[in-house]
Amino acid sequence: MNAPGTFTLGPGDGSARTGRLTTAHGEIETPVFMPVGTQGTVKSLCPTDLQDIKARIILGNTYHLYLRPGDELVAKLGGLHRFMGWDGPILTDSGGFQVFSLSGLRRITEEGVTFASHIDGSKHLFSPEKVVSIQRNLGSDIMMVLDECVPYGADRAYTEKSLGLTTRWARRCREAHPAGDRGQLMFGIVQGGFFKDLRAQSAEQIIEVGFDGYALGGLSVGESRAEMYDILGDAAPLLPAERPRYLMGVGAPRDLLAGMAAGIDMFDCVLPTRNARNGTLFTFQGKVNIKRAEYREDDSPLDPTCPCYACRTFSRAYLRHLYIAKELLSYRLNTLHNLTFFSIMMERARQAIREGRFAAYRAEMEALYPEGE
Ligand SMILES: O=c1[nH]cnc2c(CCNCC3CCCCC3)c3[nH]c(NCc4cccs4)nc3cc12
Ligand SMILES: [Zn+2]
């Protein structure tokens, strides 16, 4: 087995590429979609389900796990892998982004981000050193640095000032975790908002610090698709070709395809798991809103081409019934299916890239998932 952090590129197709990333808990074929685990679980699924649907790497949520049950406790109990019974790769975020979407009373200073817990209002500080310590305690295979995700619409002056803070925080994260220590990798995050010259400036500074992989932050924050794709096309190639590139918070099928076409290797998004819980299901015949009356007597499988347990075993009528009745099994079956869809879509994308037919595959999928999600 190669050393953690080894990233071997395979065949490419234009800017799209395949690769293999070695982590302390196994190898990841890229491009890869990473299901989001929030409080130490991909909601409603067991780790065995994740293996069944061929999930290769999942996300752990630092903000939640720090507040509850506490990273020190998780460390004492053997780390997040043992705690949640998942022995595959885990990427944890820094928690910084979640502070902005979940907690109240937050302040950004040179030191870090201070905030009040959304659970009990207690005061906390996420400094670069603190978020590295938390992720080391969790034992994550890939840690993310603390960054400021610049809000959509921020002006140039704010964006420029913020990227400087993000760079200084990145440097402090790097210093707090020597490269490859304990097999735990660390990815830097590039900001710069929607200003191409600031994106280049941020990329240059983050690359200079030196990380195992590089993420594009500050996207999928309310901008139009055109704006995201414009920055994506310009910024992705600035990231070192020989290291993994991670587009944070993306995304819907057509956005994953656009990201792969731009040379992105890793993606995360709450869409498949969140949509599963509101009955929006992705199939290879297009989107199905299972709550619709048209499925009330539909005895056919959700997606006849899908190998997942839900599609092999139950009818659309049953899945609709569970959803309408708000049965817990509805979450589980819908989540199993949506994550299987994303997993298969990425496997087919990797194959298409290897065979030099990615453009055709992208067009085929975009026809199924037109504008919108
Ligand atoms: O610059 C960024 N820095 C850090 N994180 C970002 C994230 C969170 C990525 N998912 C983390 C997961 C960690 C484990 C728990 C779940 C999240 C983003 N998500 C989005 N868009 C999707 C969005 C989701 C919600 C609002 S926008 N843009 C993002 C930009 C940044
Ligand atoms: Zn299915």
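A helix here is a DSSP run of type H or I with at least four residues, and helices are numbered from the N terminus. With that in hand, let's look at some helices in this predicted model.

Start with α10, which covers residues 253–261. This helix is mostly covered, with eight of its nine residues buried. Those eight run through Pro 253, Arg 254, Asp 255, Leu 256, Leu 257, Ala 258, Gly 259 and Met 260. After α10 comes Gly 263, and its phi is positive, near 95°.

How does α10 sit against α14? The two helices pack at an angle of about 30°, and their axes are 12 Å apart. Angles under 35 degrees count as roughly parallel, so α10 is roughly parallel to α14. From α10, the contact uses Pro 253, Leu 256 and Met 260, while α14 brings in Phe 341, Phe 342, Met 345, Met 346 and Ala 349. As for handedness, the α10 and α14 crossing is right-handed.

Now on to α7. Spanning residues 156–176, α7 reaches 30 Å from first C-alpha to last, close to the 30 Å expected at 1.5 Å a residue. Among the buried residues of α7 are Leu 163, Leu 165, Trp 169 and Cys 173. What do the buried residues of α7 pack against? Here are those partners:

| Element | Residues |
|---|---|
| β7 | 104–108 |
| β8 | 113–116 |
| α6 | 128–138 |
| β11 | 185–190 |
| α8 | 196–209 |

Definitions and conventions:
Residues numbered from 1 in each chain as written. Chains lettered and ligands numbered in written order. Predicted model: local features only at pLDDT ≥ 70, side-chain atom pairs only at ≥ 80, totals over all residues. Heavy atoms only, no water. Expected span 1.5 Å × (residues − 1). Buried < 20%, exposed > 50% of the residue type's maximum accessible area, 1.4 Å probe, protein only. Contact = heavy atoms within 4.5 Å. Axes fitted to C-alpha atoms, helices over the stretch in contact; angles between N-to-C directions. Parallel < 35°, antiparallel > 145°, perpendicular 65-115°, else oblique. Left-handed = near helix turned anticlockwise from the far one by under 90°.
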